[in-house]
Amino acid sequence: MPECTHCGEEYPAPGPYKSHVLTCTNENGAVSTDEPVEGTASASSDSSEEADSKTTPIDQHIERVVDDRLETVESELAQMSEDVDELENFATISLGERRLDQAEANLSEFSQSLTDLSEQTLEQVNELEARLEFQTVVLATALDALAEADVDVDTEPIRAYQQEQIVTDRSPSKRLEDAIEHLES
């Protein structure tokens with residue numbers, strides 16, 4: 001509620017102000033009619049005369065009404081400023097959420113491409129393992145055939161290679177080992 005600039009009492013705005021001004025009293029209990037108007041200097045030549053003269057209760061009333069309306073407009077302006085700030089915060093959050101959604105979509109797309117790459121790599125590794133196993137079987141068969149034909153074969157490079165490698169799958173290596181031992185015996 002606005003306060004009276006004369007007595008400091010609060011009154012309901014804006015309608016009852018006229019009745020408040022008429023009943024507003026100073027410290028002695030009398031209605032004051034000799035207060036100067038604050039901040040109403042005119043640029044004309046009569047401004048010095050107006051500044052010297054005392055304001056009337058009507059001038060005070062008009063000034064109070066203008067102040068009350070100005071106060072109302074200022075509070076509405078402050079509320080609008082708060083609303084704009086809230087809307088700006090919402091827009092910022094909304095923009096952040098859109099960026100987060102876009103980042104999640106990019107991450108999902110990247111994850112899918114990595115999954116596709118790993119599947120292709122796994123297929124290629126399986127194909128290479130199949131080829132290696134086939135070549136091991138072919139080599140074991142060739143060594144068995146050479147052993148049956150009593151052909152001397154130098155297996156020392158094969159043994160050296162085996163010792164340098166870490167064998168993860170024992171069945172093809174075991175078959176190769178058996179073929180080499182069969183050849184040497």
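Predicted model: local features only at pLDDT ≥ 70, side-chain atom pairs only at ≥ 80, totals over all residues.
Local features require pLDDT of at least 70 and side-chain atom pairs count only at pLDDT 80 or more, whereas totals for chains, interfaces and linings use all residues. Residues are numbered from 1 along each chain as its sequence is written, and side-chain values use heavy atoms, with hydrogens and water left out.

The chain contains 5 helices and 0 strands, in the order α-α-α-α-α from the N terminus; helices (H or I, at least four residues) and strands (E, at least two) are DSSP runs, numbered from the N terminus. Confidence is expressed as pLDDT, the predictor's confidence in each residue, from 0 to 100. Its mean over the chain is 75, and 69% of the residues reach 70 or more. Among the elements, H3 has the highest mean pLDDT (90) and helix H2 (residues 47-52) the lowest (46). Over residues 26-45 the pLDDT is below 50, and this stretch has 27 contacts beyond near neighbours in sequence, a contact being heavy atoms within 4.5 Å.

Of the 185 residues, 15% are buried, that is, under 20% relative accessible area, with exposed meaning over 50% and partly exposed in between (1.4 Å probe, protein chains only).

Helix H3 (residues 57-148) includes leucine 117. This leucine 117 is partly exposed, because its relative accessible area is 47%.
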